[in-house]
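Hi there,

Here is the structure I promised to pass on to you. Have a look at it first, and then read my notes below.

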Amino acid sequence: MDISIIGGTGEEGFGLTLRLAKAGNHVTIGSRSQEKGEASAQKARELVGAEAEVDGATNDVAAAASPVVFVTVPFGGQAEIYRAIKDSVTEGTIVVDCTSPLATAVGGRAWHVVRPWHGSAAEQAKAILPSGVRMVAAFHTISGEALNDLDHQMDSDVLVCGTDREAKATVGGLIDQIPNLRWVDAGDLTQARIVETLTALLISVNRAYKVHDAGFRITGRDAWGAPG
C-alpha cells in the first residue's frame with residue numbers, strides 16, 4: 001500500500017516508517033523541507049534495506065501522494081500542519097491522527113494533558129480538513145522508541161477510534177503487519193478524547209518504573225480486530 005507519514009522525521013513517525021516499509025509498503029515521509037524528508041528516507045532505506053520503498057517529500061506533496069496519511073506531530077504544531085496540508089488531502093483519503101494533547105504544548109509536563117476545544121486532537125484535525133476526509137485516531141500508546149528499534153519485539157494493542165468502520169479496518173490491516181501488535185476498535189472518534197490521554201498515563205508509568213515502552217493489552221478474548 002502507498003502510505004504517507006507527515007512528521008515522518010520525528011521519532012514516532014520515523015519508527016512507523018521503518019515498520020511499515022519493512023512490511024513491504026511504499027512510504028513517503030513528509031517534512032517541512034524536501035531535503036529533510038529525503039535525508040530521513042535515505043536513513044530509513046539504510047536501516048530497513050536497499051529494497052525498501054521509502055521516499056521523502058514536503059508535507060503537502062506527501063499528503064496528496066497516498067490513500068492513507070498518518071500525521072505524527074506534537075500537539076503544539078498540529079493545527080498549523082493540518083492547515084498546511086488541507087488543500088492537498090483528497091476526498092476519501094484516510095487520515096490517521098496520532099497526536100496526544102500533552103501539556104508540553106503550553107509549557108507543562110509530558111504526563112499532564114490539555115483539553116482541545118473540539119474535545120480531542122483528532123476531532124480538532126477533522127474540523128480543519130475537508131469534510132470528505134475519513135478521520136481515524138490511533139497509535140497514541142505505542143512507544144516511538146520501540147518502533148525505531150527493529151530488533152525490539154513489540155508487545156501492545158493499538159486502540160483505534162473513528163466513525164468509518166472500513167477506514168478503521170484499513171488502518172487495522174496495517175497494524176497487523178507489525179509483528180506482535182494487535183488493533184482494537186475503541187469506538188467512534190469521540191473516544192479519542194479518552195484514548196489520547198492514555199499517552200500521559202504511560203509516560204507517568206515509564207517514569208515510575210524507569211522504562212521506555214510501557215503499553216496496553218486488552219483482555220477478554222483471544223483476538224480483536226474488526227468487531228464481528
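**Salt bridges**

A network of salt bridges links Asp155, Asp157, Arg182 and Arg217. Please keep in mind that this is a predicted model. Asp157 counts as buried, at 0% relative accessibility, while Arg217 is partly exposed at 34%.

In total, the count comes to eight salt bridges.

- Glu123 and Arg193 form a salt bridge, with 2.7 Å between the closest N and O atoms. The two are 70 residues apart, Glu123 in helix H5 (residues 121–128) and Arg193 in helix H8 (residues 192–195), and the pair links distant parts of the chain. Glu123 is buried because its relative accessible area is 13%, under the 20% cut-off. Arg193, in contrast, is partly exposed at 35% relative accessibility.
- Glu80 forms a salt bridge with Arg32, and here the closest N and O atoms are 3.6 Å apart. Again distant parts of the chain are linked: Glu80 belongs to helix H4 and Arg32 to the loop between E2 and helix H2 (34–48), with 48 residues separating them. Glu80 is partly exposed, with a relative accessible area of 46%, whereas Arg32 counts as exposed at 60%.

If you want a residue pair to look for, Val160 stands opposite Asp185 in E8.

**The largest pocket**

How much space lies in the largest pocket? About 860 Å³. Its lining is made up of 38 residues, and those nearest the centre are Glu11, Glu12, Thr72, Val73 and Pro74. Helices H1 (11–22), H4 (75–85), H6 (144–148) and H9 (198–209) each give two or more residues to the lining, as does strand E2 (26–31). By residue class, the lining divides into 20 polar, 12 nonpolar and six charged residues.

Best wishes

Note on methods: Residues are numbered from 1 along each chain as its sequence is written. This is a predicted model: local features need pLDDT of at least 70, side-chain atom pairs count only at pLDDT 80 or more; totals for chains, interfaces and linings use all residues. Side-chain values use heavy atoms; hydrogens and water are left out. Two strands pair if DSSP finds at least two bridges between them. Helices (H or I, at least four residues) and strands (E, at least two) are DSSP runs, numbered from the N terminus. On a 1 Å grid over the protein atoms alone, a cavity is a set of points where a 1.4 Å probe fits but cannot get out, and a pocket is an open set with protein on both sides within 12 Å along at least five of seven lines; lining residues have an atom within 4 Å of a point. Grid points are joined across faces, edges and corners, and a volume is the space filled by probe spheres set on the points. Ala, Val, Leu, Ile, Met, Phe, Trp, Tyr, Cys and Pro count as nonpolar, Asp, Glu, Lys and Arg as charged, and the others, Gly among them, as polar. A salt bridge is a side-chain nitrogen of Lys or Arg within 4 Å of a carboxyl oxygen of Asp or Glu. Buried means under 20% relative accessible area, exposed over 50%, partly exposed in between (1.4 Å probe, protein chains only).
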